[in-house]
Amino acid sequence: MDAAQWRDFVPLAVSLGLVVVVSILAQTRAKGKSATATTSDQEATERQDTMNQSVMMLRDEGAYRVLAAAGALERQGKKIVHLEIGQPAFPTPEWVAQAGIDAITSGFTQYTNPSGLVELKQAIAKHVAHTRGGLAVTEANVVVGPGAKPGLWFAVQAVLSPGDEVLIPDPGFPMVGRLPQCGARLTTSRQYQNMAKVFGATPVFYAALGDVREWASLVTRRTKVIILNSPSNPTGRVLSRDELAVVAEFARKARLWVVSDEIYSHLTYSDNAPAANEFSTTPSIASLPGMLESTIIVDGFSKTFSMTGWRLGFVVCAPALAQRLHLLLTHAVGCTASFTQKAGVVALTHESRVRNVADMVKEYKRRRDYVCERLNAMPGVTCAKPEGAFYAFANVSGVGIPARDLCERCLHDGGVAILRA
Ligand SMILES: Cc1ncc(COP(=O)(O)O)c(C=O)c1O
């Protein structure tokens, strides 16, 4: 499917809730421009010209923007249902929270190794090996950071050079908006796209819901990276092992790096329930023969353990790359919060961890079924059931109102914050 066709889709963060709106800021800006420019306005504009032009290309993330718009309405006393941001509907498990508190009160509040505590890296290596088909990884393959986002950012920075091309899913994380610099190509994959552009690379979009065999045709001699996101935000698609094998084949041939964003890997609604003490996990391309060396798994604690505000994520990759990421973290971040890391160790090792995630997934699945059924019952709306993650990606083209206006009306008239594709 062509990128332009996502115009009428509305992803509902279904925690399971999601979807929407970009026009509010545009209006505000237009008003500001009509005022006579003052000297300080001119100065500010001139200053902007001296800023790094790649950084000037950055655009914000729709979910955070709509969250802010919704927050402004809440401050005016309006009640808002938040379906815009990928916030799990459950609190951080009590035992994880307690581990963080204990770390703080016992004085574990100092700097740590920039790429993470050894005990956390070991726990992550064990967890990833166990859940990704016995991958041969150790702590040397692991880099801890403050969320999956820095993992994505630094991984992409570490492998991209100016002029490279990056294959990016469309639609992709996070939904919303179109970047004018992209010329004729309409796109929705802001986070991935922002990363590519800031490093001087060219984003090339593949149809996230399309046939994986067609993605290969986008590879040129300049292609350096393909970003995968399975389960996908916002489509909910899960790539099967066979589909990943197709990607692995063309990626190997073209010597691509594969950045595999697996942040939703344990939030999957497959009917093939895993053993009682196993995490349900979607297939990872890293576990296919010969793919570990060129795959960069990005994952984290935000979704699986409801720890979005704790800021804890990780990358699993070849040790040589891990060392480079260690240096990027050293210079850009210093280290991840020490007590957050302690909480992470408990999240990955506590005896109730699997049950807790399974209970959450059971509830997400119930909500998914409910939300999809209700959406499909609405005139002009269709919504396929997501196979993973916690978003409902609804086609609203039959409603007769542009998705942008629909989202705005949902927020302002209905008090429901959603995002548009
Ligand atoms: C696909 C995807 N990747 C990465 C992230 C970022 O996760 P974190 O909170 O760990 O930075 C999100 C958050 O919504 C996401 O949806």
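This is a predicted model: local features need pLDDT of at least 70, side-chain atom pairs count only at pLDDT 80 or more; totals for chains, interfaces and linings use all residues.

Reader: What makes Ala-248 buried?

Author: Buried means under 20% relative accessible area. Ala-248 has 1%, so Ala-248 is buried. You'll find Ala-248 in helix 10, residues 241–253.

Reader: Which residues does Ala-248 contact, leaving aside neighbours within four places in sequence?

Author: Ile-285, Leu-288 and Met-291. There's also a C-alpha to C-alpha distance of 8.5 Å between Ala-248 and Val-258, ten residues apart in sequence.

Reader: How many residues are in the largest nonpolar core, and which have the most contacts inside it?

Author: That core has 66 residues, and Leu-120, Ile-124, Ile-227, Ile-296 and Phe-301 have the most contacts inside it. A second, separate core has 18 residues, including Val-204, Leu-244, Ala-248 and Leu-288. In soluble globular proteins, nonpolar side chains tend to be buried together.

Reader: What does Phe-301 contact, once its neighbours within four places in sequence are left aside?

Author: Among its contacts are Leu-120 and Ile-124, along with Met-307, Leu-312, Phe-314, Ala-347 and Leu-348.

Reader: Why is Ala-123 called buried?

Author: The cut-off is under 20%, and Ala-123 comes in at 12%, so it counts as buried. Ala-123 is in helix 6, residues 118–131.

Reader: What does Ala-123 touch, not counting residues up to four places away in sequence?

Author: Leu-348 and Thr-349. Ala-123 and Thr-349 are 226 residues apart in sequence, but their C-alpha atoms are 7.3 Å apart in space.

Reader: At what angle do helix 5 and helix 12 pack, and is their crossing left-handed or right-handed?

Author: Helix 5 (residues 94–105) and helix 12 (residues 338–349) pack at about 145°, with axes 8 Å apart. Their crossing is right-handed. On the helix 5 side the contact involves Trp-95, Val-96, Ala-99, Gly-100, Ala-103 and Ile-104, which meet Phe-339, Lys-342, Ala-343, Val-346 and Ala-347 of helix 12.

Reader: How do the residues of that helix 5 and helix 12 contact divide into nonpolar, polar and charged?

Author: Nine are nonpolar, one is polar and one is charged. Gly counts as polar and Lys as charged, and the contact includes Gly-100 and Lys-342.

Reader: What about helix 7 and helix 11: at what angle do they pack?

Author: About 115°, with the axes of helix 7 (residues 148–159) and helix 11 (residues 319–332) 10 Å apart. This crossing is right-handed. Helix 7 brings Phe-154, Ala-155, Gln-157, Ala-158 and Val-159, and helix 11 brings Leu-321, Leu-325, Leu-328, Leu-329 and Ala-332. Nine of those residues are nonpolar, one is polar and none is charged.

Reader: How do you know that the peptide bond from Asp-170 to Pro-171 is cis?

Author: Its omega is near 0°. Pro-171 sits in the loop between strand 4 (165–170) and helix 8 (190–198). Another cis peptide bond joins Asn-233 and Pro-234, with omega about 15°. Pro-234 lies in the loop between strand 6 (223–229) and helix 10.

Reader: What is the phi of Arg-311?

Author: It's positive, about 60°, although Arg-311 is not a glycine. Most residues other than glycine have a negative phi, and most peptide bonds are trans. Arg-311 is in the loop between strand 8 (295–300) and strand 9 (313–316).

Conventions:
Residues are numbered from 1 along each chain as its sequence is written. Side-chain values use heavy atoms; hydrogens and water are left out. Axes are lines fitted to C-alpha atoms, for helices over the stretch in contact, and angles run from 0 to 180 degrees between N-to-C directions. Helices (H or I, at least four residues) and strands (E, at least two) are DSSP runs, numbered from the N terminus. A crossing is left-handed if the near helix is turned anticlockwise from the far one by less than a right angle, and right-handed if clockwise. Contact means heavy atoms within 4.5 Å. A nonpolar core is a set of buried Ala, Val, Leu, Ile, Met, Phe, Trp, Tyr and Cys residues joined through side-chain atoms within 4.5 Å. Buried means under 20% relative accessible area, exposed over 50%, partly exposed in between (1.4 Å probe, protein chains only).
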